[in-house]
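Reader: I am new to protein structures. Could you walk me through one, feature by feature?
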Amino acid sequence: MFMYFDRTYVLVLIGILITAIASLNVKNSFDKYSKIKSKNGYDGYNTALKILDYYNVNYVKIKKTKNALSDYYNPSKEIIALSEETYNDSSIASIAVAAHECGHVIQYKQGYFPIKIKAGIVPVVNFASTMSIPLIILGAFMSYNQTLINLGLILFFSVVVFQLVTLPIEFNASKRALSILNETEILDEEELVYARKMLVAAALTYVASTLATALQFLRLLILFRDRD
């Protein structure tokens, strides 16, 4: 069974290491640029407010969430959630994070095609991520029923594809954020350099997560490929 340690487990360990490094990097970047306050004094909340107003978006609400670095945009509820570190803080890091979430809002407003694809396949991917491993386990217990195992592998692979689709969306949101911060003059040129570094570090966490999932899929493929 794949729950026990075997040589392929090194793929999982590599994925964990990559993810840990990326998480540490974004935390260190946030801590670093949290110490640099913006010259215009905008905090995360007012940054988001100004950007939404700049694009005439009056239907999205901004709320505060307690979880650290848990900022997100919920398109179904039309809410931007900013963590406490971001909401009231006037640092470059907080402004960059708030602008990034606004970048997602603008993607939806302007009909950015990749994000439409992502929104459309979310229910399928949620089902796939929930059922893939149970199907593989069930297939293994049922005398290695290859049909169930293959179905589980396909579902797991769809999660990898979903994460791949997410990558350009996140990079695009960061690109939009930097452009917006420049257009609205919330940050000057020097501050934009810092904001870019912060957003690159954040984007790399998505890259790391995708690599980790791909490595896990590779391990499952090695362990449960057609034994015939």
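**Reading the chain**

Author: Buried residues make up 46% of the 228 residues in this chain. Keep in mind that the model is predicted.

Reader: How many helices and strands are in the chain?

Author: The chain has seven helices and three strands. Along the sequence, the pattern reads α-α-β-β-β-α-α-α-α-α. The C-alpha trace spans about 65 × 35 × 25 Å along its principal axes.

Reader: What share of the contacts join residues at least 24 apart?

Author: Take the contacts between residues at least 6 apart in sequence. Of these, 73% join residues at least 24 apart.

Reader: Now the aromatic rings. How do I read a pair?

Author: A pair of aromatic rings is described by the distance of the centres and the angle of the planes. A search of the whole structure finds seven aromatic pairs. One of them joins tyrosine 45 and tyrosine 87, with ring centres 5.1 Å apart.

Reader: Why is the pair of tyrosine 45 and tyrosine 87 called tilted?

Author: Planes under 30 degrees apart would be stacked, and planes over 60 would be edge-to-face. The planes of tyrosine 45 and tyrosine 87 are at 35 degrees, so the pair is tilted.

Reader: Where in the chain do tyrosine 45 and tyrosine 87 lie?

Author: Tyrosine 45 is in helix H2 (residues 44-54). Tyrosine 87 is in helix H3 (residues 84-87). They are 42 residues apart, and the pair links distant parts of the chain.

Reader: Is tyrosine 87 buried or exposed?

Author: Buried means under 20% relative accessible area. Tyrosine 87 has 16% relative accessibility, so it counts as buried. Tyrosine 45, at 26%, counts as partly exposed.

Reader: Can you show me another pair?

Author: Look at phenylalanine 157 and phenylalanine 217. Their ring centres are 5.2 Å apart and their planes are at 45 degrees, so this pair is tilted. It links helix H6 (residues 146-183), which holds phenylalanine 157, to helix H7 (residues 189-224), which holds phenylalanine 217. The two residues are 60 apart in the chain. Phenylalanine 157 is partly exposed, with a relative accessible area of 40%. Phenylalanine 217 is buried, at 14%.

Reader: Which residues form one aromatic cluster?

Author: Phe156, Phe157 and Phe217 form one.

Reader: What sits over the ring of tyrosine 112?

Author: The charged end of arginine 176 does, 5.2 Å from the ring centre.

Reader: Next, helices. How do I read their packing?

Author: Two packed helices are described by the angle between their axes and the distance between the axes. Helix H4 (residues 92-109) packs with H7 at an angle of about 65 degrees, and their axes are 9 Å apart. H4 and H7 are therefore roughly perpendicular to each other. Their crossing is right-handed.

Reader: Which residues in H4 and H7 meet?

Author: On the H4 side are Ile92, Ala93, Ala96, Val97 and His100. They meet Glu191, Tyr194, Ala195, Met198 and Leu199 in H7.

Reader: At what angle do H1 and H4 cross?

Author: The axes of helix H1 (residues 9-34) and H4 cross at roughly 120 degrees and come within 6 Å. H1 and H4 are therefore oblique to each other. Phe30, Tyr33 and Ser34 in H1 meet Ile92, Ala93, Ser94 and Val97 in H4.

Reader: Let's finish with one residue. What does histidine 104 touch?

Author: Histidine 104 lies in helix H4. Histidine 104 is buried, with a relative accessible area of 8%. Leaving out residues up to four places away in sequence, histidine 104 touches Tyr73, Ile115, Ile169, Glu170 and Ala173.

How values were computed. Residues numbered from 1 in each chain as written. Predicted model: local features only at pLDDT ≥ 70, side-chain atom pairs only at ≥ 80, totals over all residues. Heavy atoms only, no water. Phe/Tyr/Trp six-rings, centres within 6.5 Å; stacked < 30°, edge-to-face > 60°. Helix = DSSP H or I, 4+ residues; strand = E, 2+ residues; numbered from the N terminus. Buried < 20%, exposed > 50% of the residue type's maximum accessible area, 1.4 Å probe, protein only. Lys NZ or Arg CZ within 6 Å of the ring centre and 35° of its normal. Axes fitted to C-alpha atoms, helices over the stretch in contact; angles between N-to-C directions. Parallel < 35°, antiparallel > 145°, perpendicular 65-115°, else oblique. Left-handed = near helix turned anticlockwise from the far one by under 90°. Contact = heavy atoms within 4.5 Å.
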